[in-house]
Amino acid sequence: MAKNDTTAENTQLKDIIAHAKEYGFVYPSSEIYDGLQAVYDYGAYGVELKNNLKRLWWESMTRLHDNIVGIDAAIFMHPTTWKASGHVDSFNDPMVDNKDSKKRYRADVLIEDKAAGYEKSGDLERAQSLLGAMGKLLEAEDLAGVHDLIVNEGIVCPISGTSNWTEVRQFNLMFSTQVGSVAEDTTTIYLRPETAQGIFVNFLNVQKTARMKVPFGIAQIGKAFRNEIVARQFIFRMREFEQMEMQFFVRPGTEMDWYKTWAATRVKWHLALGIPEDKIRKHDHEKLAHYANAAMDLEYEFPFGFKEVEGIHSRTDFDLKQHQEFSRKKQQYFDPEINQNYIPYVIETSIGADRLFLMTFCNAFVDEEVDGKQRTYLKFHPAIAPVKAAILPLVKKDGLPEKAREIVEALKYDFNIIYEEAASIGKRYTRQDLIGTPFCIAVDHQTLEDNMVTIRHRDTTAQERVPISELHARLSEACSFRRIFEKI
């Protein structure tokens, strides 16, 4: 990667981070105490955007598919859950320290970044060769080989600039805590590192109570926790994050067809959200997890390169079979079509709500020059925009604020609306552009005579005069999830 390209990307990310904080989207957590690394809080507009994205995902799963239902499983689970899932023994990341800077890095991320550099320079063959070599070494658990690969590739610490590396070793990512009121009677339990296991242990409960027939899916949105040693790139990698997962249970032998179907479905979902086709790509895994027989990532081109936003995995029957063995309770489904009991196979779609937020924010961030002037705005699809419309009286007198308040009262029960009367109308338009409000509705003196207002459109800055009576229908049409669902 050329140095000026890296500088431009770092500048763009810094601009996005600064904008997210200044305009109420994302703040460093506990900032008055100098923050907590890799933990962030969502502000007034950030929480609205994130909730809209979660609701869009939820409804696209549970409303558009009559064979998918949802649950909300607890964060705390019986500790044997994580023994059965393999997390206690193998939920590790390969870590390496630089002896000069004393900084710790994920070995695989260092190598992936090097491969990304080759890819940027056009050497795709070398990039693929490097990733392939890393995949084979990690699969063989050859950590010494991973160390040698880092050294031989001339990978250096970004801080010290040296390749004075320690040996590579595994580090478990789960947070643990104690449950119990008396110290000697406490039990070690874990904050869940993923939401999927809450679905698996409830497989039969959901199947029976919701009267589901294979194939069917269970969706869930929830917090997960990982003790990431190398947390960076803003909210891309955090210690406390939110997952949106759907586990789809299928008849053994049909899993690869369903895997391809869900991969195509999820790509269409991202494109319907407004992500450009050249900004998203599929990346098949070289190294498969212990539970998978096929896996891919959907990657988005962030300012820091193509990185995973969503994972799609064919998990076989590993999870249910493990829970059957450890719990000694059958996790089988009777299929009346073939008159047979079996443990279903599972296709997983897993997307990070925070990464989806960051992708959406990066994709919406527009900083352009128009007629010699710099203009910055957030080009959110109206259906997911934090605020749908701003009602702006031209002046703070002559009955205009009262008329504007009437419009707010008529719209606020169905849409998130802002009322603003301070500063000039131009400055208020700019303020709404910066938080991504798609429509500004200006109330002027003519409004008092003809009950018409001026709608100013964020993306084009075009203005049109419309009757107040049409506002609700206009916003309903533009801001409906239907506009996105129609493209899936």
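**Stop 1: arginine 483**

This is a predicted model. Begin by selecting arginine 483, which sits in helix α17, residues 482–485. Is arginine 483 buried or exposed? Its relative accessibility is 18%, so it counts as buried, the cut-off being under 20%. Now show side chains. Arginine 483 and glutamate 486 are joined through their side chains by a polar contact of 2.6 Å. Leaving aside residues up to four places away in sequence, arginine 483 touches His381, Glu477 and Ala478.

**Stop 2: helix α14**

Next, select residues 425–435, which form helix α14. Which residues of α14 are buried? They are Arg428, Tyr429, Gln432, Asp433, Leu434 and Ile435. Step just past the helix to glycine 436, where phi is positive, about 85°.

**Stop 3: glutamate 348**

Select residues 345–352 to bring up strand β16, and pick out glutamate 348 within it. Glutamate 348 has a relative accessible area of 2%, and is therefore buried. Another is a polar contact with the side chain of arginine 315, at 2.6 Å.

The set is Ala196, Glu245, Met246, Gln247, Gly311, Ile312, His313 and Arg315.

**Stop 4: glutamine 197**

Keep Arg315 on screen and select glutamine 197. Arg315 is among the residues that glutamine 197 touches, and it is also among those touched by glutamate 348. Glutamine 197 belongs to helix α8, residues 196–200. What is the relative accessibility of glutamine 197? The value is 0%, so the residue counts as buried.

Draw its side-chain polar contacts. Glutamate 194 is the partner in one of 2.8 Å, side chain to side chain. The side chain of histidine 323 is the partner in another, at 2.7 Å. Beyond four places in sequence, glutamine 197 touches Met77, Thr81, Trp82, Ser85, His87, Arg315, Asp319 and His323.

**Stop 5: threonine 316**

Threonine 316 is in strand β13, residues 305–316. Check its backbone torsions: phi is positive, about 55°, although the residue is not a glycine. Most residues other than glycine have a negative phi. Threonine 316 counts as buried because its relative accessibility is 16%.

**Stop 6: helices α6 and α7**

Select residues 124–139 for α6 and residues 143–152 for α7. How do these helices pack? Their axes are 8 Å apart and meet at an angle of about 160°. The two helices are therefore roughly antiparallel, since angles over 145 degrees count that way. The crossing of α6 past α7 is left-handed.

Show the side chains at the contact. From α6 come Leu130, Ala133, Met134, Leu137 and Leu138. They meet Gly145, Val146 and Leu149 of α7. By type, the residues of this contact are 7 nonpolar, 1 polar and no charged.

Then select glutamate 141, in the loop between α6 and α7. Glutamate 141 is not a glycine, but it has a positive phi of about 55°. Buried or exposed? Glutamate 141 is exposed, because its relative accessible area is 64%.

**Stop 7: proline 215**

Select valine 214 with proline 215 and look at the bond between them. It is a cis peptide bond, with omega about 5°. Most peptide bonds are trans. Proline 215 is in the loop between α9 (203–209) and β9 (216–225).

**Stop 8: phenylalanine 25**

Finish with phenylalanine 25, in the loop between α1 (3–22) and β1 (26–28). Its relative accessible area is 0%, so phenylalanine 25 is buried.

Methods:
Residues numbered from 1 in each chain as written. Predicted model: local features only at pLDDT ≥ 70, side-chain atom pairs only at ≥ 80, totals over all residues. Heavy atoms only, no water. Helix = DSSP H or I, 4+ residues; strand = E, 2+ residues; numbered from the N terminus. Buried < 20%, exposed > 50% of the residue type's maximum accessible area, 1.4 Å probe, protein only. Polar contact = N/O pair within 3.5 Å; in protein donor to acceptor, adjacent residues only side chain to side chain. Contact = heavy atoms within 4.5 Å. Axes fitted to C-alpha atoms, helices over the stretch in contact; angles between N-to-C directions. Parallel < 35°, antiparallel > 145°, perpendicular 65-115°, else oblique. Left-handed = near helix turned anticlockwise from the far one by under 90°. Nonpolar A, V, L, I, M, F, W, Y, C, P; charged D, E, K, R; others polar.
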